Structure formats: structure tokens, C-alpha cells
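Here is a short briefing on one protein chain. Look over the sequence and the model first, then read the points below.

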Amino acid sequence: RLFALRRAFFGVNLNSLDLLVLVSDLVSAALYFVVGDIPSFSVLRICRLFRLVRCLKVLALSRELHIMMLSFASAMRAMFWAGIMLVVVLTLWSIIAVELLHPVNVRLAERGLYGDCSRCERA
């Protein structure tokens, strides 16, 4: 693409990001062969994921694919909030269970039902 677009290649920010990721990968591979074990460039590897954003442009070309992509994003948003709600509800029920069951557990420990278990009363 660099050869075909020449100077216009650097006019697009995603092309510059692609070039940065590619050059950093080549440099890290060369250093690995020369030096051996090198620290990882995990931040730059995460930048590789940004290259996948370019694939989303292809999905926007077709109306049907664009609608599917929007529907998927909407569903993911709904699942995120459902997960948050699930965490909140489970936390509330666990607090209620501790408040209701702990006194019962202490009474059972006082009766000696747990035997020699020292942790059972605090559970």
C-alpha cells in the first residue's frame, strides 16, 4: 500500500498506525534473533488489535452487514448492563444471606454441632 499510495499513504492515520506496528514487530523480531530473550512489547502488540478496526469498514459497505453490526453492538451493550445488574443483585442477596444465616450458624456452634472445628463458627 505504501508503494501504491506514495505520499498519500501518510495522510491516513490508520496507515501510520499500521506502519508503526509493523516496524515495531520487525525491530522486536530482529532484536530477538540478535540478543535472544528481550522484554516484551505488549503495548505495541495491543496496537495490532487496532488494525482489526479496518475490517469494520468493510462491514459498513453493505447495508445488511451494517445493520447486523449495529444490532450486535446494541446487544453487547445490553449484556454489559445485564452483567452489572447481576453482580449487584448477587451482592445484595449475599449480604442478606450473611445477615440472616450468621446468627443461626453461631447458635449451631454454641450447641456443639460442629465438634472440634474452630473455623465453622466464623463461617
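Isoleucine 84 sits in helix α5, which covers residues 63-110. The model is a predicted one. Isoleucine 84 has a relative accessibility of 36%. Isoleucine 84 therefore counts as partly exposed, since that value falls between the 20% and 50% cut-offs.

**Nonpolar patch and aromatic pair**

- Isoleucine 84 belongs to a nonpolar surface patch of about 620 Å².
- A search for aromatic pairs gives one in the structure.
- That pair is made by phenylalanine 80 and tryptophan 81, and its geometry is edge-to-face.
- The ring centres of phenylalanine 80 and tryptophan 81 are 5.1 Å apart, with 75 degrees between the planes.
- Why edge-to-face? The angle of 75 degrees is over 60, so the pair of phenylalanine 80 and tryptophan 81 falls in that class.
- Phenylalanine 80 is partly exposed, at 49% relative accessibility.
- Tryptophan 81 reaches 54%, and so it counts as exposed, the cut-off being over 50%.

**Overall fold**

- The protein chain has five helices and zero strands.
- Read from the N terminus, the order of elements is α-α-α-α-α.
- The protein chain has 123 residues, and 7% of them count as buried.
- Its accessible surface is about 10500 Å².
- Carbon and sulfur atoms hold 71% of that surface.
- Take the contacts between residues at least 6 apart in sequence: 23% of them join residues at least 24 apart.

**Disulfide**

- How many disulfides does a search of the whole structure find? The search finds one.
- The disulfide joins cysteine 117 to cysteine 120, with an S to S distance of 2.1 Å.
- That distance is within 2.5 Å, so cysteine 117 and cysteine 120 meet the criterion for a disulfide.
- A disulfide is a covalent bond between the sulfur atoms of two cysteines.
- The link of cysteine 117 and cysteine 120 is right-handed, with 85 degrees about the S-S bond.
- Is cysteine 117 buried, partly exposed or exposed? Cysteine 117 is partly exposed, at a relative accessible area of 30%.
- Cysteine 120 is also partly exposed, with 21% relative accessibility.
- The value of 21% for cysteine 120 is not under 20%, so cysteine 120 does not count as buried.

**Asparagine 105**

- Asparagine 105 lies in helix α5.
- Its relative accessible area is 10%. That is under 20%, so asparagine 105 is buried.
- Which residues does asparagine 105 touch, not counting residues up to four places away in sequence? They are Tyr114, Cys120, Glu121 and Ala123.
- Cys120, one of these contacts of asparagine 105, is a partner in the disulfide with cysteine 117.

**Leucine 70**

- Helix α5 also holds leucine 70.
- Leucine 70 is partly exposed, with a relative accessibility of 49%.
- Leucine 70 and alanine 60 are ten residues apart along the chain.
- The C-alpha atoms of leucine 70 and alanine 60 are separated by 9.8 Å.

Note on methods
Residues are numbered from 1 along each chain as its sequence is written. This is a predicted model: local features need pLDDT of at least 70, side-chain atom pairs count only at pLDDT 80 or more; totals for chains, interfaces and linings use all residues. Side-chain values use heavy atoms; hydrogens and water are left out. Buried means under 20% relative accessible area, exposed over 50%, partly exposed in between (1.4 Å probe, protein chains only). Patches are made of residues with over 30% relative accessible area and no salt bridge: like charges are joined within 9 Å, nonpolar side chains (Val, Leu, Ile, Met, Phe, Trp, Tyr) within 5 Å. Accessible areas come from the Shrake-Rupley method with a 1.4 Å probe; for residues, only the protein chains shown count as cover. A salt bridge is a side-chain nitrogen of Lys or Arg within 4 Å of a carboxyl oxygen of Asp or Glu. Helices (H or I, at least four residues) and strands (E, at least two) are DSSP runs, numbered from the N terminus. Contact means heavy atoms within 4.5 Å. Rings of Phe, Tyr and Trp (its six-membered ring) pair if their centres lie within 6.5 Å; planes under 30 degrees apart count as stacked, over 60 as edge-to-face and the rest as tilted.
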